[in-house]
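Subject: Structure handover

Hello,

Here is the structure I said I would pass on. Please look it over before you read the notes below it.

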Amino acid sequence: MQSSPRLPLPTTAPRDTEWRLPRHARSVGRARALFREQAASWELPQDVTYTAELLLSELMTNAYRHAKVPSGREIWARCLLAGDRLRITVTDADATLPKPAPACSDDESGRGLALVATLADDWGVERRECGIGKEVWFEVRLTS
């Protein structure tokens, strides 16, 4: 009996990953945990990991709280390493495009996109090509 040749194992972790999570409050924490695991496997700098985790949490929370969609729709989170940048995209099925709004000092919420705009090196929002929903994304540099 002849054995088949063994394929070499990949030497690096994939530089692109995506999670599809239910539109539920628990998915915010799950996305953070999945991202921390991915960041560790990519050996991202700790400051990048902290910032990206915070901003991912904000975008996931917005998608969970504000997307007006039928039940059963998912929230997608995608992480991509490209050159010296990490790009994270959160997709939901609501076509309403968010925009930062000013929050008063005693407001308990409403600062998520302001945090993204302040802490990310770049960010944006766009309608999905398929016509259903939107993508909100941010990028952070891996080096200072």
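One term is needed before the helices are described: axes are lines fitted to C-alpha atoms, for helices over the stretch in contact, and angles run from 0 to 180 degrees between N-to-C directions. Please also keep in mind that this is a predicted model.

Overall make-up

The protein has three helices and five strands. Along the sequence they follow the pattern β-α-α-β-β-α-β-β. Of its 144 residues, 35% count as buried. Among contacts with a separation of 6 or more, 65% are between residues 24 or more positions apart.

Helix 1 and helix 2

The axis of helix 1 (residues 26-42) comes within 9 Å of the axis of helix 2, and the two cross at roughly 155°. Angles over 145 degrees count as roughly antiparallel, and helix 1 and helix 2 are therefore roughly antiparallel to each other. Their crossing is right-handed. On the side of helix 1, the residues that meet helix 2 are Ser 27, Val 28, Ala 31, Arg 32, Phe 35, Arg 36 and Ala 39. Helix 2 meets them with Thr 49, Ala 52, Glu 53, Leu 56, Ser 57, Met 60 and Thr 61. Sorted by class, this contact has seven nonpolar, four polar and three charged residues.

Helix 2 and helix 3

Helix 2 (residues 46-66) also packs with helix 3 (residues 112-119): their axes come within 9 Å and cross at roughly 150°. Helix 2 and helix 3 are therefore roughly antiparallel to each other. The crossing of helix 2 and helix 3 is left-handed, whereas that of helix 1 and helix 2 is right-handed. From helix 2, the residues in this contact are Thr 51, Leu 54, Leu 55, Glu 58, Leu 59 and Asn 62. They meet Gly 112, Leu 113, Leu 115, Val 116 and Leu 119 in helix 3. By class, the contact of helix 2 with helix 3 has seven nonpolar, three polar and one charged residues.

The five strands form an open sheet in the order 1-2-3-5-4, with antiparallel pairing. Strand 1 and strand 4 (122-127) stand at the edges and have a single partner strand each, so one side of each is left without a neighbour in the sheet. On average, and with direction ignored, neighbouring strands of this sheet are turned by 15° against each other.

The pairings can be followed across the sheet. Strand 1 pairs with strand 2 (residues 74-82) in the antiparallel sense over seven bridges. Within strand 2, Arg 78 is the bridge partner of Glu 18. Strand 2 in turn pairs with strand 3 in the antiparallel sense, over seven bridges, and Leu 80 stands opposite Arg 87 in strand 3. These two strands form a hairpin with two residues between them, and Gly 83 in the turn has a positive phi of about 65°. Strand 3 and strand 5 (residues 134-141) are antiparallel partners over eight bridges. Here Asp 92 stands opposite Lys 134 in strand 5.

Strand 3 (residues 85-92) is mostly covered, with six of its eight residues buried. Helix 2 lies across strand 1, strand 2, strand 3 and strand 5, and runs at about 170° to strand 5.

Which residues is Thr 17 in contact with, leaving aside its neighbours within four places in sequence? They are Gln 38, Trp 42, Ala 77, Arg 78 and Cys 79. One of these, Arg 78, is also the bridge partner of Glu 18.

Regards

Key:
Residues are numbered from 1 along each chain as its sequence is written. This is a predicted model: local features need pLDDT of at least 70, side-chain atom pairs count only at pLDDT 80 or more; totals for chains, interfaces and linings use all residues. Side-chain values use heavy atoms; hydrogens and water are left out. Contact means heavy atoms within 4.5 Å. Helices (H or I, at least four residues) and strands (E, at least two) are DSSP runs, numbered from the N terminus. Angles under 35 degrees count as roughly parallel, over 145 as roughly antiparallel, 65 to 115 as roughly perpendicular and the rest as oblique. A crossing is left-handed if the near helix is turned anticlockwise from the far one by less than a right angle, and right-handed if clockwise. Ala, Val, Leu, Ile, Met, Phe, Trp, Tyr, Cys and Pro count as nonpolar, Asp, Glu, Lys and Arg as charged, and the others, Gly among them, as polar. Two strands pair if DSSP finds at least two bridges between them. Buried means under 20% relative accessible area, exposed over 50%, partly exposed in between (1.4 Å probe, protein chains only).
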